[in-house]
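Thanks for passing this one along. Here are my notes, in the order I'd go through them with the model open on screen.

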Amino acid sequence: YKLGLTGEAFKNAVDFLVKLYKAYDALDASLLEINPMLKTSDDKIIALDAKLEIEDNGLSVRHKDLEKMRDIREEEPLETEAREAGLSYVKLDGNVGCMVNGAGLAMATMDIIKLAGGWPANFLDVGGGANVERIAKAFQILLKDPNVKVILVNIFGGIVQCDRVANGILQAYKQIGHIPVPMVVRLQGTNADLAAQILKDSGLPIIPAVELWEAAQKVQAALQQVA
């Protein structure tokens, strides 16, 4: 109503918006943006330009025909690299690289980093199968972002055991050769005590944490040291 449309233009706009929503739903879209939208002199509603983003799972499973039209030149290169490696990654503008398993825990981790005074550089969910290869690839992607000054690894050992993740971190560390930024690691859940001992005995410059708030505070302290 605030568009000020009346009569035939109003009816056409309603029809346009209903079709827009149906397309959004049918395509499993995460974004369907029309900008600009034009009203002609004869009251027709026309989309002059559009931006469509389709959720990755929907694209690969239900819309393979549309996947052929994907133009990776329009996408963030690190997000493309992560997707090809089976990692869920979204690049942000912060300075704390996050490696987490589980979307909910990842969101909570990002929130508490911000609360402690930091700024998340990404959303990165390595999933339940946090093996050496996935962890190493996740580190490589995080380190390709020049804005990352500290890395926070926050893993809950439910499906995957913490000692397995700890060994994965050590192997990934050796595989990469050198991680040039401070790294805070919080591993909680199954075999958490064993994981903590593995990290301690490794001799690597890993900053351990038990509580999430403790981890966020240690991240902030590391940021202040590298500033």
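Where is Asp28 placed? Asp28 is in the loop between α1 (7-26) and β1; helices here are DSSP runs of H or I with at least four residues, strands are runs of E with at least two, and both are numbered from the N terminus.

1. Ground rules. What you're looking at is a predicted model, in which local features need pLDDT of at least 70, side-chain atom pairs count only at pLDDT 80 or more, and totals for chains, interfaces and linings use all residues. Residues are numbered from 1 along each chain as its sequence is written, and side-chain values use heavy atoms, with hydrogens and water left out.

2. Most residues other than glycine have a negative phi, and most peptide bonds are trans. Asp28 isn't a glycine, yet its phi is positive, about 55°. With 17% relative accessibility, Asp28 counts as buried (buried is under 20% relative accessible area, exposed over 50%, partly exposed in between, using a 1.4 Å probe and protein chains only). Asp43, also not a glycine, has a positive phi of about 70°. Look for Asp43 in the loop between β2 and β3 (45-47), where it is partly exposed at 23% relative accessible area.

3. A cis proline. The peptide bond between Asn35 and Pro36 is cis, with omega at about 5°. Pro36 sits in the loop between β1 (29-34) and β2 (37-39).

4. A nonpolar core here is a set of buried Ala, Val, Leu, Ile, Met, Phe, Trp, Tyr and Cys residues joined through side-chain atoms within 4.5 Å. The largest one has 36 residues, and those touching the most other members are Met99, Phe139, Ile151, Val153, Ile169, Met183 and Leu187. At least two core residues come from each of α4 (77-84), α6 (132-143), β8 (150-157), α7 (162-176), β9 (183-189) and α8 (192-202). The largest share, seven residues, is from α7.

5. The whole structure has eight salt bridges, each being a side-chain nitrogen of Lys or Arg within 4 Å of a carboxyl oxygen of Asp or Glu. One of them pairs Lys19 with Asp15 at 3.1 Å, N to O. Lys19 and Asp15 are four residues apart in helix α1, about one turn of the helix. Lys19 is exposed at 53% relative accessibility, while Asp15 is partly exposed at 37%.

6. Bridges across the sequence. Glu81 and Lys144 form a salt bridge at 2.9 Å, N to O. Glu81 belongs to helix α4 and Lys144 to the loop between α6 and β8, so this pair ties together parts that are 63 residues apart in sequence. Glu81 is buried, with a relative accessible area of 18%, whereas Lys144 is partly exposed at 47%. Lys91 and Asp145 also meet in a salt bridge, at 3.8 Å, N to O. Since Lys91 is in strand β5 (residues 88-91) and Asp145 in the loop between α6 and β8, that pair ties together parts that are 54 residues apart in sequence. Lys91 counts as partly exposed, at 24% relative accessibility. Shared partners also link Glu81, Lys137 and Lys144 into one salt-bridge network.

7. Asp145 up close. Is Asp145 buried or exposed? Asp145 is buried, with a relative accessible area of 3%. A polar atom of the Asp145 side chain lies 3.0 Å from the backbone nitrogen of Asn147. Not counting residues up to four places away in sequence, Asp145 touches Leu78, Tyr89, Lys91, Leu92 and Ala121.

Technical notes. Polar contact = N/O pair within 3.5 Å; in protein donor to acceptor, adjacent residues only side chain to side chain. Contact = heavy atoms within 4.5 Å.
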